Amino acid sequence: MTSMPHIHTVGLIGFGQFGKLIARHLSPHVPLVICDPALPPDAISGPNQRSGDLATAAGCPLVILAVPVHTIGSVCSEIRTYLQPGAIVADVGSVKLEPVQIMQSRLPDHVDLVGTHPLFGPQSARAGLAGHKIALCNIRGRSHLPLAAFLRTVLGLQVILTTAEQHDIEAATVQGLTHLIARTLSDMGPLPARMTTASFDRLVEAVQMVQGDPPAVFAAIAEANPFAAKVREDFLRKAGAVVGALDAELP
């Protein structure tokens, strides 16, 4: 694995939509051991990919937790005894404070911890990863530096080094409002498709990008992020003020 020569195998825990995206882009560079109890072993058969049990996947030098945020705690408790000294554990959750706190408290001190949030998904990255952004939060150790180098130089990602708190503050607006507006528009469908403007087409594109996300993703963005509720309240209050001002101007 370029930039990280000691990473001879990656353990990927979770093989949902995002787990499959990770596997597609990592397997050309390093063998993957994939564990997902919800899937039969023969469901994992891509090049440089093989199915493995939890102990085997968690025993790899790099372990990626591609699981819903609300399951991070139980997964960490299950893998802690299998983690090898010097290994790296990284999550890919869309919120960071909660997973970071859980990993710090439940995973042994002999492993490095990195919080990541790929700021893209299967829809937005369907043409490739190059140019997309990923947030990286150093939690324990120094492994975030070679990991950032790999993501930047090999996968072509824009790496944003940040803290878990700063990530969640910004994501509360960036993701929280995007998903709120997209979900609302989706519920108003079918949306017009004939007489549209360029700006409306962008809104429809945003709806299409997120409408296929599992419910757990929206729940994490809206509920697990401690700053999301205030952003929603501010948005709805200001939207109400705009409508109120418009009503006041009408004869």
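**Notes on the predicted chain**

1. The secondary structure of this chain comes to 9 helices and 8 strands, where helices (H or I, at least four residues) and strands (E, at least two) are DSSP runs numbered from the N terminus. The radius of gyration, taken over C-alpha atoms, is 20 Å, close to the 18 Å that the globule rule gives for 251 residues, so the chain is as compact as a globular protein of that length; the rule itself is 2.2 Å times the number of residues to the power 0.38.

2. The model is predicted, so local features need pLDDT of at least 70 and side-chain atom pairs count only at pLDDT 80 or more, whereas totals for chains, interfaces and linings use all residues. Residues are numbered from 1 along each chain as its sequence is written, and side-chain values use heavy atoms, with hydrogens and water left out.

3. Of the 251 residues, 45% count as buried, a word that here means under 20% relative accessible area, with exposed meaning over 50% and partly exposed in between (1.4 Å probe, protein chains only). Among contacts (heavy atoms within 4.5 Å) between residues at least 6 apart in sequence, 67% join residues at least 24 apart.

4. A nonpolar core is a set of buried Ala, Val, Leu, Ile, Met, Phe, Trp, Tyr and Cys residues joined through side-chain atoms within 4.5 Å. The largest one has 32 residues, and the members that touch the most others are Met-1, Val-10, Leu-12, Leu-26, Ile-64 and Leu-151. At least two residues each come from several elements, including strand E1 (10–13), helix H1 (17–26) and strand E7 (133–140). Apart from this core lies another, of 24 residues, among them Ile-72, Val-89, Ile-102 and Val-111.

5. Is Leu-157 buried or exposed? Leu-157, placed in the loop between helix H5 (144–153) and strand E8 (158–161), is buried, with a relative accessible area of 4%. Leaving aside neighbours within four places in sequence, Leu-157 is in contact with Phe-120, Leu-129, His-132, Ile-134, Leu-151 and Arg-152.

6. A search of the whole structure finds 4 salt bridges, each being a side-chain nitrogen of Lys or Arg within 4 Å of a carboxyl oxygen of Asp or Glu. In one of them Asp-109 pairs with Arg-140, the closest N and O atoms being 3.8 Å apart. Asp-109 lies in the loop between helix H4 (97–106) and strand E6 (112–118) and Arg-140 in strand E7, so the pair ties together parts that are 31 residues apart in sequence. Asp-109 is exposed at 68% relative accessible area, whereas Arg-140 counts as buried at 17%.

7. In helix H9 (residues 228–249), Asp-234 and Lys-230 are separated by about one helical turn, because they are 4 residues apart, and their salt bridge has its closest N and O atoms 2.9 Å apart. Asp-234 also forms a salt bridge with Arg-237, with the closest N and O atoms 2.6 Å apart. Through shared partners, these salt bridges join Lys-230, Asp-234 and Arg-237 into one network.

8. A point to check is Asn-48, which has a positive phi of about 65 degrees although it is not a glycine. Most residues other than glycine have a negative phi. Asn-48 is placed in the loop between E2 and strand E3 (49–51), and counts as partly exposed at 42% relative accessibility.
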